[in-house]
Amino acid sequence: QVQLEESGGGLVQAGASLRLSCAASGRTASVNAMAWFHQAPGKEREFVAATTWIIESTRYLDSVKGRFTISRDNAKKTVYLQMNSLKPEDTAVYYCAADNGWYIGPRNTEYDYWGQGTQVTVSS
């Protein structure tokens with residue numbers, strides 16, 4: 001059993017930066033991959049970025065490449081999403097996800113654990 005808790009969201013203007021955090025607790029030794037998804041009102045949950053935990057391998061949504069960076073702190077059992085040059089279309093609830101396997105793709109059904117989400121709002 002793994003628990004995930006996101007933080008770091010907020011209301012910012014276009015062009016600003018935010019750093020999201022996802023703290024993992026419980027049986028974290030079983031987790032091999034972690035990801036970020038987002039979901040706008042009335043839209044399906046969409047993959048944003050993912051990384052393997054031990055050997056770094058990353059994948060990003062095309063629209064965030066060059067702007068967002070996923071990283072991790074093994075000692076703190078925390079994964080981060082650094083978001084730069086934010087755009088209004090980035091507005092959504094951002095969710096952290098974890099997988100007991102090594103999947104870092106876009107299919108949300110592959111992930112075993114989810115956080116409660118943190119709101120990111122970008123004004124123009």
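**View 1. Cys 22, a buried residue of a predicted model.** Cys 22 has a relative accessible area of 0%, so Cys 22 is buried (buried means under 20% relative accessible area, exposed over 50%, and partly exposed in between, with a 1.4 Å probe and protein chains only). The model is predicted: local features need pLDDT of at least 70, side-chain atom pairs count only at pLDDT 80 or more, and totals for chains, interfaces and linings use all residues. Residues are numbered from 1 along each chain as its sequence is written, and side-chain values use heavy atoms, with hydrogens and water left out.

**View 2. The disulfide of Cys 22 and Cys 96.** The structure has one disulfide (a pair of cysteine sulfur atoms within 2.5 Å). It joins Cys 22 to Cys 96, with an S to S distance of 2.1 Å. The link is left-handed, with -85° about the S-S bond. Distant parts of the chain are linked here: Cys 22 is in strand S3 (residues 18-26) and Cys 96 in strand S9, 74 residues apart. Strands (E, at least two residues) and helices (H or I, at least four) are DSSP runs, numbered from the N terminus. Cys 96 counts as buried, at 0% relative accessibility.

**View 3. The aromatic pair of Phe 37 and Phe 47.** A search of the whole structure gives five aromatic pairs. Rings of Phe, Tyr and Trp (its six-membered ring) pair if their centres lie within 6.5 Å; planes under 30 degrees apart count as stacked, over 60 as edge-to-face and the rest as tilted. The ring centres of Phe 37 and Phe 47 are 5.6 Å apart and the planes are at 85°, so this pair is edge-to-face. Phe 37 lies in strand S4 (residues 33-39) and Phe 47 in strand S5 (residues 46-52), ten residues apart. Phe 37 is buried at 0% relative accessibility, and Phe 47 is buried at 6%.
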